[in-house]
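This briefing concerns the structure displayed below.

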Amino acid sequence: PNELGYARLGLVVGKKVAKRAHQRNYIKRTVREWFRHHRAQLDPTDYVVRAKLAFEHSHRSEAVKLLAELFAKLSRCRAV
């Protein structure tokens, strides 16, 4: 939790996940875009997302769906 009153995001996408910089940047842009759209619904907490698997443009919707499920699971855990 943070004292700022809004959620913040930290991202880690290592070279082991995606060798090329443009692939790592695409993953970070995708996560940041999702976070920007859903920031208002999130608790005022600092979140760190560490990518473990790369995804291509064709699998973006599946990756975003999994990210949304992960944040939903985190919010349920915090509510309990």
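The model is predicted. Its protein chain contains two helices and two strands, which follow the order β-α-β-α from the N terminus on. The largest pocket holds about 500 Å³ of space.

**Overall architecture**

- The protein chain has 80 residues, of which 26% are buried.
- The C-alpha trace spans about 35 × 20 × 20 Å along its principal axes.
- For the protein chain, the accessible surface amounts to about 6,100 Å², and carbon and sulfur atoms account for 53% of that area.
- When contacts between residues at least 6 apart in sequence are considered, 77% of them join residues at least 24 apart.

**The largest pocket**

- The space in the largest pocket comes to about 500 Å³, and 20 residues line this pocket.
- Leu53, Phe55, Ala63, Leu66 and Leu67 are the lining residues closest to the pocket centre.
- Two or more lining residues come from each of strand E1 (8–12), helix H1 (21–38), strand E2 (46–50) and helix H2 (60–79).
- Helix H2 supplies the largest share of the lining, with six residues.
- By residue class, the lining comprises 15 nonpolar, two polar and three charged residues.

**Aromatic contacts**

- The number of aromatic pairs in the model is five.
- One aromatic cluster is formed by Trp34, Phe35, Tyr47 and Phe71.

**Glutamate 56**

- Glutamate 56 is located in the loop between E2 and H2.
- The relative accessible area of glutamate 56 is 43%, so this residue is classed as partly exposed, a category lying between buried (under 20%) and exposed (over 50%).
- Leaving aside residues up to four places away in sequence, glutamate 56 touches Gln23 and Tyr26.
- Glutamate 56 and glutamine 23 are 33 residues apart along the chain, and their C-alpha atoms are separated by 7.9 Å.

Definitions and conventions. Residues numbered from 1 in each chain as written. Predicted model: local features only at pLDDT ≥ 70, side-chain atom pairs only at ≥ 80, totals over all residues. Heavy atoms only, no water. 1 Å grid on protein atoms, 1.4 Å probe; cavity = no way out; pocket = protein on both sides within 12 Å on 5 of 7 lines; lining within 4 Å. Points joined across faces, edges and corners; volume = space filled by probe spheres on them. Helix = DSSP H or I, 4+ residues; strand = E, 2+ residues; numbered from the N terminus. Nonpolar A, V, L, I, M, F, W, Y, C, P; charged D, E, K, R; others polar. Phe/Tyr/Trp six-rings, centres within 6.5 Å; stacked < 30°, edge-to-face > 60°. Buried < 20%, exposed > 50% of the residue type's maximum accessible area, 1.4 Å probe, protein only. Contact = heavy atoms within 4.5 Å. Areas by Shrake-Rupley, 256 points an atom, 1.4 Å probe, with all protein chains shown as cover.
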